[in-house]
Amino acid sequence: MSFALAIKDRKSFVTWTVFTIFCILFSTIYEFFSFGVFSIYMIALGVWPLLLGILPSLFFREHMGRFWTDGILMITLGSMLQGILEIYGTSSIYPIIMMAIGVAFLMLAGVLHLFE
């Protein structure tokens, strides 16, 4: 493994770790001020970057690509928006659409990675 690849892998790991910590802090603070109303989407907000960002950067040495990163971000933001809307007491179709687009991006990234 080259030195540049090792630095890129470390940068990806650190970026996903910081993003995961931000998501956990955001969801904790948001639910602290929500007057006892909870949302499973907000509680599990830090799980998406942890499972899809940190763990693959630990086990796979090559970067999955832009679609993979965008898919993780879409799923995470969709989960955040759904949690905010549930805590507020309303609903919308947009978070579900965002999560579906995120899953489509992840599948596209997987297919493109197989044919590289």
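Q: What should I know about the model before reading it?
A: It is predicted, so local features need pLDDT of at least 70 and side-chain atom pairs count only at pLDDT 80 or more, while totals for chains, interfaces and linings use all residues. Residues are numbered from 1 along each chain as its sequence is written, and side-chain values use heavy atoms, with hydrogens and water left out.

Q: At what angle do the axes of α3 and α4 cross?
A: Axes are lines fitted to C-alpha atoms, for helices over the stretch in contact, and angles run from 0 to 180 degrees between N-to-C directions. Here the axes of helix α3 (residues 47-59) and helix α4 (residues 66-88) come within 9 Å and cross at roughly 160°, which makes α3 roughly antiparallel to α4 (a term for angles over 145 degrees).

Q: Which residues of α3 and α4 meet?
A: Contact means heavy atoms within 4.5 Å, and in this model W48, P49, L52, G53 and P56 of α3 meet W68, I72, I75, T76 and S79 of α4.

Q: How do α4 and α5 lie relative to each other?
A: The axes of α4 and helix α5 (residues 94-114) come within 7 Å and cross at roughly 165°, and the two helices are therefore roughly antiparallel to each other.

Q: Is F35 buried or exposed?
A: Buried means under 20% relative accessible area, exposed over 50%, and partly exposed in between, with a 1.4 Å probe and protein chains only. F35, in the loop between α1 (3-32) and α2 (40-43), is exposed at 79%, and F35 has a positive phi of about 55° although it is not a glycine.

Notes. Helices (H or I, at least four residues) and strands (E, at least two) are DSSP runs, numbered from the N terminus. Angles under 35 degrees count as roughly parallel, over 145 as roughly antiparallel, 65 to 115 as roughly perpendicular and the rest as oblique.
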